[in-house]
Amino acid sequence: MKAILFLLITIGFLSCANTNAGWNQSYRDKLMNSCITEAKKGNAVIEEQKLKTYCECYQQNLEKKYPEIRQMEVADKNEIIKVAEDCMQVLLR
């Protein structure tokens, strides 16, 4: 289930992004909004600040791993899931 959530966040973001570009504030904001919206759907009991912190971690890690957005389009889904899982400790605090 978590894997599906991470992929939905990323796919939703990619559908709105110019994938030939690098990261800019608009893309960061779109990913954050997508992440928070999707995470709330599956985790209504987690406080919003924790979701925001998780999504910030996820966005920053994606940006480090994939400096160009198009790299995420061809990435192995397990790599994207690993990026998301690296931030899960934020939700467990």
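This report walks through a helix, the nonpolar core and the salt bridges of a predicted model.

## Ground rules

Residues are numbered from 1 along each chain as its sequence is written, and side-chain values use heavy atoms, without hydrogens or water. In this predicted model, local features need pLDDT of at least 70 and side-chain atom pairs count only at pLDDT 80 or more, while totals for chains, interfaces and linings use all residues.

Let's start with helix 3, residues 48-65. Helices here are DSSP runs (H or I, at least four residues), numbered from the N terminus. Among the buried residues of helix 3 are Leu 51, Tyr 54 and Gln 59; buried means under 20% relative accessible area, exposed over 50% and partly exposed in between (1.4 Å probe, protein chains only).

Val 90 sits in helix 6, residues 89-92, and is buried at 8% relative accessible area. Leaving out residues up to four places away in sequence, Val 90 touches Lys 50, Thr 53 and Tyr 54, where contact means heavy atoms within 4.5 Å.

## The nonpolar core

Tyr 54 turns up again in the largest nonpolar core, which has 24 residues; Tyr 54 is among those with the most contacts inside it, as are Trp 23 and Tyr 66. Helices 2, 3, 5 and 6 each supply at least two residues of this core. Such a core is a set of buried Ala, Val, Leu, Ile, Met, Phe, Trp, Tyr and Cys residues joined through side-chain atoms within 4.5 Å.

## Salt bridges

Arg 28 forms a salt bridge with Glu 63, with the closest N and O atoms 2.6 Å apart. This pair links helix 2 to helix 3, 35 residues apart. A salt bridge puts a side-chain nitrogen of Lys or Arg within 4 Å of a carboxyl oxygen of Asp or Glu.

Conventions:
Expected span 1.5 Å × (residues − 1).
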